[in-house]
Amino acid sequence: MVTYLGKLRSMRMIRLLAECYEAFETVSRRDIRRMGLTQPQFDVIATLGNTPGMNFRKLGENTLITKGTLTGVVDRLERSGLVLRTPGKHDRRTAIVSLTEEGEAIFDKYFLPHVTMLDDVFKGFSNPDYDAAQALLSRIRDRFHTASARRSAKPTDDNPVRARPRSRAKPLASKRAGTAPPGNLGAD
């Protein structure tokens, strides 16, 4: 059983993780804005840089952009002349997205300076510091993935995860005394 102190400590950890991410976003966003790009646009360019291109599925897996947002980001980058969509060889619906020469030039100009700027934040961290932080963050990520999988699993006899019990609240009485509102048949 988790004690109140345990819950409080986990909430402090989650808050600290969120604060770290917000601080990273602030620093990163400011640098990316100077490039004339949005964070999702930079993410796509950085992911496609030094590759022959990739399909949308792989691009989505390698960026921090949701599937719905990714299409719009690629559309805007294509209109700007930074990426090119090429229909797949065997299936025209499977487009390959790659950087154009102009997109490669943006990648070459901005990627390494951006990574260097972020790397400067970690100056003074030793290899053991990196190893310990990465190990702990990986454990936290894995626990959230496990919790997510358990919560989304359908309950079966083999799966101890149970659906949330239905409310046993009694239906509200309608304006006419003694009758239940429509749709509440079989009330307790």
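Modeller: Start with Phe107 and Phe111. Both sit in helix H5, residues 101-121. They are four residues apart, about one turn of the helix. Helices here are DSSP runs of H or I with at least four residues, strands are E runs of at least two, and numbering starts at the N terminus.

A word on the source. This is a predicted model, where local features need pLDDT of at least 70, side-chain atom pairs count only at pLDDT 80 or more, and totals for chains, interfaces and linings use all residues. Residues are numbered from 1 along each chain as its sequence is written, and side-chain values use heavy atoms, leaving out hydrogens and water.

Back to the rings. A pair of aromatic rings is described by the distance of the centres and the angle of the planes. Rings of Phe, Tyr and Trp (its six-membered ring) pair if their centres lie within 6.5 Å; planes under 30 degrees apart are stacked, those over 60 are edge-to-face, and the rest are tilted. That rule gives five aromatic pairs. Phe107 with Phe111 is a stacked pair, 4.9 Å centre to centre with 20 degrees between the planes. Phe107 is buried, at 6% relative accessibility. Phe111 is partly exposed, at 28%. The cut-offs are under 20% relative accessible area for buried, over 50% for exposed, and partly exposed in between (1.4 Å probe, protein chains only).

Phe122 and Tyr130 make a tilted pair. Phe122 is partly exposed at 39%, and Tyr130 is partly exposed at 27%.

Now the charges. A salt bridge needs a side-chain nitrogen of Lys or Arg within 4 Å of a carboxyl oxygen of Asp or Glu. The whole structure has seven. One of them joins Lys123 and Asp120, at 2.7 Å from N to O. Lys123 is exposed at 60% relative accessibility, while Asp120 is partly exposed at 39%.

Another salt bridge pairs Glu19 with Arg15, with the closest N and O atoms 3.1 Å apart. Both residues are in helix H1, four residues apart, so about one helical turn separates them. Glu19 is partly exposed at 38%. Arg15 is exposed at 56%.

Glu61 and Arg57 also form a salt bridge, at 3.0 Å between the closest N and O atoms. They are four residues apart in helix H3 (residues 56-62), about one helical turn. Both Glu61 and Arg57 are exposed. Salt bridges also link Asp75, Glu78 and Arg85 in a network.

Asp31 has no such partner. It lies in helix H1, residues 4-34. Asp31 is buried but has no salt bridge. The nearest side chain of opposite charge is Arg34, 4.1 Å away. For charge, Lys and Arg count as positive, Asp and Glu as negative, and His and the chain ends are not counted. Leaving aside residues up to four places away in sequence, Asp31 touches His114 and Met117. Contact here means heavy atoms within 4.5 Å.

Last, the sheet. Strands of a sheet pair through backbone hydrogen bonds, either parallel or antiparallel. This sheet is open, has three strands in the order S1-S3-S2, and pairs antiparallel. The edge strands are S1 (54-55) and S2 (83-86), each pairing on one side only. Two strands count as paired if DSSP finds at least two bridges between them. S1 and strand S3 (residues 96-99) pair over two bridges. Met54 has Val97 in S3 as its bridge partner.

Helix H2 (residues 39-48) lies across S1, S2 and S3, at about 90 degrees to S3. Axes are lines fitted to C-alpha atoms, for helices over the stretch in contact, and angles run from 0 to 180 degrees between N-to-C directions. H2 is mostly covered, with nine of its 10 residues buried. Among them are Phe42, Val44, Ile45 and Leu48. The buried residues of H2 also include Gln39, Gln41, Asp43 and Thr47. Just after H2, Asn50 takes a positive phi of about 60 degrees.
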